[in-house]
Amino acid sequence: MSSRKIVILLGPPGAGKGTQAKMVSEKLELPHISTGDILRNAIDAGTELGKKANKFMHKGELVPDEIVFDILKQRLQSADCYPGAVFDGFPRNKTQAKEFLELTYVNEASSIKAVLIDLDHEEVVKRLSNRRYCPNCNTVYNLINKKPDKKIDGDYICDKCGTKLIKRDDDKVDTIKNRLRVYEKSTAPIIDFFQKKSIFLTVDGDQNVQAVNQQIMELLNK
Ligand code: AMP
C-alpha cells in the first residue's frame with residue numbers, strides 16, 4: 001500500500017465542490033480533478049469527445065460512464081496523481097462509485113474519504129443562477145457573495161487574468177432544475193453506498209467558504 005490519499009467531494013450542483021476542491025488540493029498538495037472541467041475543456045477544444053459530451057451536458061444530463069472513465073483513467077496516469085487526488089464531480093452515480101473503488105489506483109491508497117457538502121435546493125438555484133466563471137483560468141465567481149472587482153463596458157471581468165466572465169451553459173434555471181433532479185436520482189444514492197463503506201463524512205454547505213473549508217480540513221485530518 002502507498003501513502004496515496006483520495007478525497008472525494010460530493011454535493012448538489014452549486015454546493016461549492018469546485019471552490020473547496022481547489023482549496024483542499026492546495027492544502028494537501030494534491031491535484032484537483034474535476035471531470036466537469038475536463039469535459040468543458042474538451043468542448044472548448046472542439047474534440048470528438050467534447051462534441052459527444054456536450055449533447056448531455058447542455059441539458060444537465062450525466063455524460064455516459066464510458067466517456068467519463070476514459071478521461072478519468074487517462075488523467076490518473078499522470079505522474080502528479082501518484083500521491084493521490086481531490087475529486088470534484090466524480091463519481092456521479094453508483095456505477096461510477098463502485099467501479100472507482102475497484103480501480104488499482106484506488107485500492108493502493110492508504111486513505112479514501114468522501115465528504116458531502118450539504119445544501120438545500122432553494123439555495124442551489126439562487127447560487128447557480130448568479131454564478132459566473134472565467135473561461136481562461138476557470139476561476140469561479142458569484143454575483144451575490146464572491147463578486148469580481150471590475151466591470152468593463154458593463155461586463156464583469158476576471159480579477160486574476162482580466163478575461164470577460166461568462167455564465168456556464170448549464171447554469172440556466174431550467175437546466176439547473178434538471179441537474180437537481182439528476183442529482184437526487186443518480187448522485188444522492190452514492191451517499192448510502194459510501195456510508196456503508198465507512199468512508200463518508202458531511203459538512204454544512206450553507207456557511208461562508210472559509211468556514212466550510214475549515215470543517216472539511218478538520219474532518220480530513222481526523
Ligand atoms: P460539474 O462541473 O461537475 O457541475 O459538471 C458539469 C456537467 O458535466 C454535469 O452536469 C454532467 O453533464 C457532466 N459531468 C461532470 N462530471 C461527470 C461525471 N462524473 N459523470 C457524468 N457526467 C459528468
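**Exercise 1. Where does Ser198 lie?**

Before starting, remember that this is a predicted model in which local features need pLDDT of at least 70, side-chain atom pairs count only at pLDDT 80 or more, and totals for chains, interfaces and linings use all residues. Residues are numbered from 1 along each chain as its sequence is written, and side-chain values use heavy atoms, with hydrogens and water left out.

Step 1: Find helix α9 (189-196) and strand β9 (200-204); Ser198 sits in the loop between them. Helices (H or I, at least four residues) and strands (E, at least two) are DSSP runs, numbered from the N terminus.

Step 2: Look at the backbone. Ser198 has a positive phi, near 60°, and is not a glycine. Most residues other than glycine have a negative phi.

**Exercise 2. Decide whether Asp88 is buried or exposed.**

Step 1: Locate Asp88 in strand β3 (residues 84-88).

Step 2: Apply the cut-offs: buried means under 20% relative accessible area, exposed over 50%, partly exposed in between (1.4 Å probe, protein chains only). Asp88 has 8%, so Asp88 is buried.

Step 3: Check its surroundings. Leaving aside residues up to four places away in sequence, Asp88 touches several residues (heavy atoms within 4.5 Å), among them Leu9, Lys17 and His32.

**Exercise 3. Find which residues a cis peptide bond joins.**

Step 1: Look for an omega of about -5°; this belongs to the bond between Phe90 and Pro91.
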